[in-house]
Amino acid sequence: MNNKLSRDDLMSLEVYAVERPSFRDKVMQEKTHRRLEITENANLYFENRLTLQYQIQEMLRVERIFDAAGINEELDAYNPLIPDGKNLKATFMLEYPDIELRKKRLAELRGIEDQTYLQVEGFDKVYAISDEDLERTTDEKTSAVHFTRFEFSDDMIKALRNGADLLAGIEHPAFPPKHITVAENIKQALVKDFA
């Protein structure tokens, strides 16, 4: 399944300036079904082709990039975040508004990105494969932002399509055990990411 974006999929800066309000509304509507709050401070924001097209368009607009090399650089950066038909990809964010609390928690939560999971009812947990582009956790702390991938078997995908629940959770010694059932609207949006 080739779901990658190319330069042909992108609007020129001039066209995007006109289309941006309606395109942004469409993307924000899409994103309402792609945010999974595991806890108040730990969220998965699932990416797809549309959300990443928006990210690229915004980067091109803000940076005033219009040359082929610059556009290709953005495509190369964002295309790996698009699901490829057998997986879900998400930005995992640890969100603590208080700066001092954030510093403390990020030091305590080293490795949490690899202990976050999704689980199709009746199957084993699928743990996140995190930060394949570069390491974001150090000996001192984890990052507030991680890029994650969850790989699913054909049987898991079939079960989801046939109505099995999707569960999510985090297993980290410095984090209260958390296990939730993914809301139906989010599950249905994510099922569309599979081939």
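A residue counts as buried under 20% relative accessible area and as exposed over 50%, with partly exposed in between (1.4 Å probe, protein chains only). Asn 43, at 0% relative accessibility, is therefore buried. This is a predicted model, in which local features need pLDDT of at least 70 and side-chain atom pairs count only at pLDDT 80 or more, while totals for chains, interfaces and linings use all residues. Residues are numbered from 1 along each chain as its sequence is written, and side-chain values use heavy atoms, with hydrogens and water left out.

**Asn 43**

- Asn 43 lies in strand β2 (residues 42-46); strands (E, at least two residues) and helices (H or I, at least four) are DSSP runs numbered from the N terminus.
- The side chains of Asn 43 and Arg 35 are joined by a polar contact of 3.1 Å (N or O atoms within 3.5 Å; within protein, one must be able to donate a hydrogen and the other to accept it, and residues adjacent in sequence count only if both atoms are side-chain atoms).
- Leaving aside residues up to four places away in sequence, Asn 43 touches Arg 35, Leu 36, Glu 37, Ile 38, Thr 91, Phe 92, Met 93 and Glu 95, contact meaning heavy atoms within 4.5 Å.

**Helices α1 and α2**

- Helices α1 (residues 13-31) and α2 (residues 49-63) pack at about 145°, their axes 10 Å apart; axes are lines fitted to C-alpha atoms, for helices over the stretch in contact, and angles run from 0 to 180 degrees between N-to-C directions.
- Residues making this contact include Tyr 16, Phe 23 and Val 27 of α1, and Leu 50, Tyr 54 and Leu 60 of α2.
- By class, the α1 contact with α2 comprises eight nonpolar, four polar and seven charged residues (nonpolar: Ala, Val, Leu, Ile, Met, Phe, Trp, Tyr, Cys and Pro; charged: Asp, Glu, Lys and Arg; polar: the others, Gly among them).

**Open sheet**

- Four strands, in the order β5-β4-β8-β9, form an open sheet with antiparallel pairing; two strands pair if DSSP finds at least two bridges between them.
- β5 (125-127) and β9 (178-181) are the edge strands, each pairing on one side only.
- Neighbouring strands of this sheet are turned by 25° against each other on average, direction ignored.
- Strand β4 (residues 116-120) and β5 run antiparallel and are joined by three bridges, and Gln 119 stands opposite Lys 125 in β5.

**Helix α6**

- Ile 186, Lys 187, Ala 189, Leu 190 and Val 191 are buried in helix α6 (residues 184-191).
- These buried residues pack against β1 (35-39), β2, β3 (87-94), α5 (154-161) and β8 (166-170).

**Arg 64**

- Arg 64 is in the loop between α2 and α3 (68-78).
- Although not a glycine, Arg 64 has a positive phi of about 55°.
- Arg 64 counts as exposed because its relative accessibility is 58%.
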